[in-house]
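Here is a short note to read beside the model. Please keep the structure open and look up each residue as it comes.

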Amino acid sequence: MVKEKRIVRVAKKGKPIRQVAAVPFRLDGHGNVKEMLITSNTTNRFIVPKGWPMKGMSGRKAAVTEASEEAGVVGEALKEPLGVYTYWKRLSDHFVRVTVKVYLLSVVDVQPDWNERSQRQRAWLSPADAAALIDEPQLASLVRSMTQARVL
C-alpha cells in the first residue's frame with residue numbers, strides 16, 4: 001500500500017511512472033533463441049520479470065535483480081535496451097500509465113530454487129511463442145522482434 005501511495009503521488013504531479021524489465025534468453029542446442037516468461041503472481045498471465053527502479057542502481061542492474069528474484073535466473077544484461085513499452089497498471093481504485101524499459105538478459109545459470117518460486121511458473125519459449133502468450137501488444141512486439149543476430 002505504501003508503494004501504491006507513492007505511485008499515485010508521482011502520477012498526480014504529472015511525472016512519468018517507470019519500471020524496468022528483463023527478457024531472459026539463451027540459445028538452445030541448435031542455436032535457436034529461447035526466451036523465459038514467468039507468470040504474474042496475481043493473474044497467472046505470462047509476463048517478463050519487471051519491477052521498480054532501485055535506488056543506487058542503474059536500470060540495467062535493477063532489471064538483472066528483478067530477473068533473479070522473480071525468475072531465478074542469473075546472467076548479464078546487454079547494455080543497450082531492447083526497447084520500451086507502456087501499459088496500464090491497475091491500482092486499488094484506478095489505473096496509471098507505466099513506461100517500462102526492457103533489457104535483454106543473457107542467462108548463464110537457472111536456479112532451481114529462488115525467491116518467488118512458490119508464486120510463479122516459468123517457461124522457455126521461442127520468441128514467436130512467447131509473444132503469442134503476452135497480453136501487452138507492445139511487449140509482445142519487442143519479444144517477437146528478438147532474433148539470434150541481435151544477441152550474438
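Which residue forms a salt bridge with arginine 120?

1. The partner is glutamate 70, and the closest N and O atoms of the two residues are 3.6 Å apart. A salt bridge here is a side-chain nitrogen of Lys or Arg within 4 Å of a carboxyl oxygen of Asp or Glu. Side chains of opposite charge can pair when their charged atoms come close. Arginine 120 and glutamate 70 link distant parts of the chain, 50 residues apart: the arginine is in the loop between strand S7 (95-110) and strand S8 (122-125), the glutamate in helix H2 (residues 59-71). Helices (H or I, at least four residues) and strands (E, at least two) are DSSP runs, numbered from the N terminus.

2. A word on the source: this is a predicted model, in which local features need pLDDT of at least 70 and side-chain atom pairs count only at pLDDT 80 or more, while totals for chains, interfaces and linings use all residues. Residues are numbered from 1 along each chain as its sequence is written, and side-chain values use heavy atoms, with hydrogens and water left out.

3. Both partners in point 1 are buried: arginine 120 has a relative accessible area of 9%, and glutamate 70 has 7%. Buried means under 20% relative accessible area, exposed over 50%, and partly exposed in between (1.4 Å probe, protein chains only).

4. The structure holds five salt bridges. Among them is the one between aspartate 135 and arginine 45, with the closest N and O atoms 3.7 Å apart. Aspartate 135 lies in the loop between helix H3 (127-133) and helix H4 (137-145), and arginine 45 in the loop between strand S2 (33-39) and strand S3 (46-47), so the pair ties together parts that are 90 residues apart in sequence.

5. Arginine 45 also meets glutamate 136 in a salt bridge, at 3.5 Å from N to O. These two are 91 residues apart, with glutamate 136 in the loop between H3 and H4. Glutamate 136 counts as buried at 11% relative accessibility, whereas arginine 45, at 31%, counts as partly exposed.

6. Two charged side chains sit over rings. Arginine 26 lies over the face of tryptophan 124, at 3.8 Å from the ring centre. The charged end of lysine 50 is over the ring of tyrosine 87, 4.9 Å from its centre. The test is that NZ of Lys or CZ of Arg is within 6 Å of the ring centre and within 35 degrees of the ring normal.

7. Which residues of the largest nonpolar core touch the most other members? They are Val23, Tyr85, Val100, Val102, Leu139 and Val143, out of 27 residues in that core. A nonpolar core is a set of buried Ala, Val, Leu, Ile, Met, Phe, Trp, Tyr and Cys residues joined through side-chain atoms within 4.5 Å. S7 gives the most to this core, with five residues. A second, separate core of 14 residues includes Val20, Ala22, Ile38 and Ile47.

8. Valine 64 is found in helix H2 and is partly exposed, with a relative accessible area of 25%. Leaving aside neighbours within four places in sequence, valine 64 is in contact (heavy atoms within 4.5 Å) with Gly75, Ala77 and Leu105. The C-alpha atoms of valine 64 and valine 23 are separated by 9.5 Å, with the two residues 41 apart along the chain.
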